Amino acid sequence: MTRIWESLFSKNGLAAKEIAYQMLYIEEGERVPKVSDLAAELDIGNGTVQGALKVLENLHAIRLEPRGHLGTFLRKKDIILLREIAGVGSLIGAMPLPYSSMYEGLATGLIEASESMLTNIDLAYMRGSKQRLESLKSRRSDFAIMSELAAEQEIANDENLEIALNFGPQTYVSTHQIFFTGNLNNQISDGMKVGIDYTSVDQSQITLLECENLQVEFVPVNYMQLFDMLLNGDIDAAVWNADENRSKRRFQVGDFKSEKAKKVSVKASTSVILIEKDRHEVKDYISGLDKDVILDIQQKVVKKEKLPHY
């Protein structure tokens with residue numbers, strides 16, 4: 001058996017890895033592509049394709065059944081072996097830190113939706129869309145979860161990025177609002193100290209639009225420190241995720257007055273999956289995810305009808 005596995009390092013074996021990936025998506029009982037079609041697609045010779053199929057049969061990864069003029073059919077396949085030969089492992093997704101039930105629900109939905117597919121999803125949790133983008137571009141992650149607002153900004157700067165799946169409004173956060181230290185304020189006004197996290201596309205853009213034409217002092221702050229900054233009175237106001245339940249018990253909350261901020265906040269509430277265009281296998285996988293199932297699971301977690309697991 002060792003000698004057979006060593007055959008994967010031959011010319012035929014390298015082709016077998018490519019064909020093994022295709023076999024994953026062919027159901028048992030279905031006809032497999034013609035040798036000539038596989039040869040043309042992979043830019044190799046007919047003999048190499050035939051040798052590659054023989055390698056896969058010798059490894060007991062597939063069993064083929066020729067049926068004359070009807071073609072050749074896939075009689076049986078070993079999915080685990082095919083995945084190993086093709087080098088298909090888990091897909092890695094970069095997610096925001098799961099500090100809210102919305103994020104917990106989305107993570108749970110992604111994990112469970114992937115369990116019925118050939119490749120499962122593993123998630124890595126990172127604060128800030130910039131960090132998740134860096135992880136995507138360095139290929140430490142296969143896809144990144146972020147808001148539609150952040151994704152569109154990154155796409156504008158890199159033509160090799162695209163949104164593979166849009167989950168719709170109120171799937172990333174329910175909404176953003178303005179939180180105030182004092183109980184007498186319900187809108188940002190001149191002279192206020194306003195917390196802003198320039199590393200967060202969503203928080204910074206909404207803040208800048210809401211404060212447009214106002215004379216305020218912007219105080220750079222880490223998004224995760226906003227609660228303490230407000231609590232200590234170091235800032236007077238800050239745009240924040242309304243899903244933070246602890247905030248509404250402590251602070252006066254106000255809605256946006258700026259129409260621009262209101263419009264942008266909708267995209268900031270929308271979850272999307274960002275990928276690189278040249279990662280066709282990732283795009284194919286994401287397109288196979290059942291969005292409705294993911295969103296249903298997310299809502300069950302938010303409503304505490306289901307325990308999160310990620």
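Colleague: How do the residues of the lining of the second largest pocket divide into nonpolar, polar and charged?

Modeller: This is a predicted model. The lining of that pocket has 7 nonpolar, 3 polar and 2 charged residues. Arg 31 and Lys 34 are among the residues lining the second largest pocket, and Arg and Lys count as charged. Gly 71 is also in that lining, and Gly counts as polar. The volume of the second largest pocket is about 210 Å³.

Colleague: What is the volume of the largest pocket, and which residues are closest to its centre?

Modeller: The largest pocket has about 320 Å³. Of its 17 lining residues, Tyr 21, Ala 86, Val 88, Glu 281 and Val 282 are the closest to the centre. Helix H2 (11-23) and helix H13 (280-287) each give two or more residues to this lining. The lining divides into 9 nonpolar, 3 polar and 5 charged residues.

Colleague: Why do strands E9 and E11 count as edges of the sheet?

Modeller: The open sheet has 5 strands in the order E9-E8-E10-E7-E11, with mixed pairing. Strand E9 (217-220) and strand E11 (252-254) each have a single partner strand, so one side of each has no neighbour in the sheet. From one strand to the next the twist averages 35°.

Colleague: How do you know that E7 and E11 pair?

Modeller: Two strands pair if there are at least two bridges between them. Strand E7 (residues 176-180) and E11 have 3 bridges, in the antiparallel sense, so they meet that cut-off. Phe 179 stands opposite Val 253 in E11.

Note on methods: Residues numbered from 1 in each chain as written. Predicted model: local features only at pLDDT ≥ 70, side-chain atom pairs only at ≥ 80, totals over all residues. Heavy atoms only, no water. Helix = DSSP H or I, 4+ residues; strand = E, 2+ residues; numbered from the N terminus. Axes fitted to C-alpha atoms, helices over the stretch in contact; angles between N-to-C directions. 1 Å grid on protein atoms, 1.4 Å probe; cavity = no way out; pocket = protein on both sides within 12 Å on 5 of 7 lines; lining within 4 Å. Points joined across faces, edges and corners; volume = space filled by probe spheres on them.
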